[in-house]
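This briefing goes through one structure by topic. The sequence and the coordinates come first, and the notes follow.

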Amino acid sequence: MLDDFFYRAIIAGIGVALVAGPLGCFIVWRRMAYFGDTTAHAALLGVAFGFLAGIGPTVGVFVVTLLVALLLIGLLRLARIGGDTVLGILSHSALAIGLVVLAFMAWVRIDLIGYLFGDVLAVGRVDLYFIWGGGVVALGLLAAIWRPLVALTVDRDLARAEGVRAGLVELVYMLLIALVVAIAMKIVGVLLVTALLIIPAAAARSFAVTPEGMAAWAAAFGALAVIGGLNASLTWDTPAGPSIVVVAFVLFLAAGILSRLVEVWQQRARSDLP
Amino acid sequence: MNEHAGRASEAGRAEPLLAANGLGVRRDGRWLIHDVNLKVRPREILSIVGPNGGGKTTLIRTLLGIEAASAGQVVRRAGLKLGYVPQRLTIDRTLPLTVARLMTLTRRVRRADLLAALGETGVAHLIDAGVQQLSGGEFQRVLIARALLGRPDLLMLDEPVQSVDFGGQVELYRLIAGLRERLGCGIVLVSHDLHVVMRETDRVVCLSGHVCCTGVPHDVQHHPEYLRLFGPRASEALALYTHEHDHSHDPAGEVIHHHPRNRTKAETAR
């Protein structure tokens, strides 16, 4: 099965979706969509850094993304302008700087479109091990900090008063975002990474009553988007990464409409009672 | 009143649950609170009153260890278990959360224990409700039940009745006062009103940057004016606190002593 490029793509995509969904829930809850976008855009700089330092693009992306995420937190605290403006400036600047730096490095020939929009159909065996290895580590770390991170998300003071080590937990959370950006880049590219994080999570909202339920639904929606998107890509010869995001978006819309209908139906059933 | 005095003197002999010694918190070059000395003794109810921006929440946060002290220290009795009831939480609509899950944010608890704690505050029926659907009073009861799960020696509540209508406030105060009797814990309560505190309060601390005055509350019943203002039920739950200050504050919060030379806050802090 691993010899077929299509199945490799599906297995890689599902691997990423299973960790991106639960992690994406925190990005939705903590209102960090733009933050995620900015760190993902900085990933292109990581690619350049990876080549320069000779550590390969994946590790380069992980290191640079983590540094940028930590830098951003400091910057957001110090900034005199609104956080959304800071992120808006840095999100696009990071992308532009990455493109310019890569252009200077004339000696490396890279597939720029592949980094921007993903190249999931070119995923090889080694990539697969990287993705699933990284995915398992990320899921393990997320499971380890799950309870304290949920507590911090609900109320930081309350969690800290009850002994949660906020600094450590939030550092691991940043590390996870960097890790997931690094492995998801191969699937949907730096421009669409955030989509894979937040769209399945947003679609999951109306189906869940607990944080854990929402994480499970988000993982399922993400996997479904990968399977649907890759099949659509194969059928209609559309680009794979964007197709996955389109399917995720369709799922989000369908989930929203469905939950609305159920709500209306329940209300009607209640008012019909004698 | 006698009953209160008896309890206070009995408590006076015991080791305090919590003490602040010369406590100060300085942020961005400004002292939010300074030179705060206070003690909470076992089974004592301490109410903190003071103007907005007077540092009530900063004090609570420092006593809880969320905020680091810039001067002085907080001394806790060895092994002290604290229960914290924050001001009404705002929980993002995107975060699905039931009462049961809110109760178990930082600890795993059996459902039977959850029901018992929620039963203490009269909201056991809400165990599976979504937190976004709760009223102000229900939410506070859930938060208090949540704090009880840790079997605290000292319960800290930050403006617990603020978002509750008057009838609900009386009920909530009675509930809180009852907790001392049933669980034997000390209670620190931030009050949102400068002059009205919970009737069972043993001692009041008025905070405006520093401790302006401290004393015992008076029964509402002796003040027909307040009785008329708050209605007959007020005396069941509320008491009055008359401030006796030897100084006042300028608009910037700086202390103006009632003697010739005005001292600045920095000087008083030394």
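**Overview**

Of the 270 residues of chain B, 43% count as buried, where buried means 20 or more other C-beta atoms within 10 Å of a residue's own, exposed means 12 or fewer, partly exposed lies in between, and C-beta atoms are placed from the backbone. This is a predicted model, in which local features need pLDDT of at least 70, side-chain atom pairs count only at pLDDT 80 or more, and totals for chains, interfaces and linings use all residues. Residues are numbered from 1 along each chain as its sequence is written, while chains are lettered from A and ligands numbered from 1 in the order in which they are written.

**Chain B: make-up and domains**

- Chain B has 9 helices and 14 strands; helices (H or I, at least four residues) and strands (E, at least two) are DSSP runs, numbered from the N terminus.
- Among contacts in chain B between residues at least 6 apart in sequence, 68% join residues at least 24 apart; a contact requires C-beta atoms, placed from the backbone, to lie within 7 Å.
- Chain B is divided into domain 1 (2-14 + 42-68 + 153-269) and domain 2 (89-151), with bounds from an automatic or database domain assignment.
- The contact between these domains takes 7 residues from domain 1 of chain B and 5 residues from domain 2 of chain B.
- On the side of domain 1 of chain B that touches domain 2 of chain B, H6(B) gives the most, with 3 residues.
- That side of domain 1 of chain B divides into 5 nonpolar, 2 polar and no charged residues. Here Ala, Val, Leu, Ile, Met, Phe, Trp, Tyr, Cys and Pro count as nonpolar, Asp, Glu, Lys and Arg as charged, and the others, Gly among them, as polar.

**Chain B: the open sheet**

- An open sheet of 6 strands has the order S5-S6-S7-S3-S9-S10 (chain B), and its pairing is mixed; two strands pair if DSSP finds at least two bridges between them.
- Strand S5 (82-85) and strand S10 (210-215) of chain B are at the edges with a single partner strand each, so one side of each has no neighbour in the sheet.
- Neighbouring strands of this sheet are turned by 20° against each other on average, direction ignored. Axes are lines fitted to C-alpha atoms, for helices over the stretch in contact, and angles run from 0 to 180 degrees between N-to-C directions.
- Strand S3 (residues 45-49) and strand S9 (residues 203-208) of chain B run parallel and are joined by 4 bridges. B:Ser47 stands opposite B:Val204 in S9(B).
- S9(B) and S10(B) pair in the antiparallel sense over 5 bridges, and B:Ser208 stands opposite B:His210 in S10(B).
- The hairpin of S9(B) and S10(B) has 1 residue between the strands, and B:Gly209 there takes a positive phi near 85°.
- Helix H2 (residues 56-64) of chain B lies across S3, S5, S6, strand S7 (186-190) and S9 of chain B, at about 150° to S6(B).

**Contact between chains A and B**

- The contact takes 22 residues from chain A and 17 residues from chain B.
- On the side of chain A that touches chain B, two or more residues each come from helix H1 (5-29), helix H7 (125-154), helix H8 (156-161) and helix H11 (211-236) of chain A.
- H8(A) supplies the largest share of that side, 5 residues.
- The residues of the side of chain A that touches chain B divide into 13 nonpolar, 4 polar and 5 charged.

**Chain A: helix H12**

- The 33 residues of H12(A) should span 48 Å at 1.5 Å a residue, and the end C-alpha atoms of H12(A) are 48 Å apart, which agrees; the expected span is 1.5 Å times one less than the number of residues.
- Buried residues in H12(A) include A:Ala240, A:Ile244, A:Val247, A:Ala248 and A:Leu251.
- The cover over the buried residues of H12(A) includes H1, helix H6 (112-117), helix H9 (166-188), helix H10 (193-204) and H11 of chain A.

**Single residues**

- A:Asp237 has a positive phi of about 55° although it is not a glycine. A:Asp237 is in the loop between H11 and helix H12 (240-272) of chain A, and counts as exposed because it has 8 C-beta neighbours inside 10 Å.
- B:Glu159, also not a glycine, has a positive phi of about 45°. B:Glu159 is in the loop between strand S6 (154-158) and helix H6 (166-183) of chain B, and counts as buried with 20 C-beta neighbours inside 10 Å.
- A:Ser93 lies in helix H5 (residues 83-104) of chain A and is partly exposed, with 13 other C-beta atoms within 10 Å.

Note on methods:
Two residues are in contact if their C-beta atoms, placed from the backbone, lie within 7 Å.
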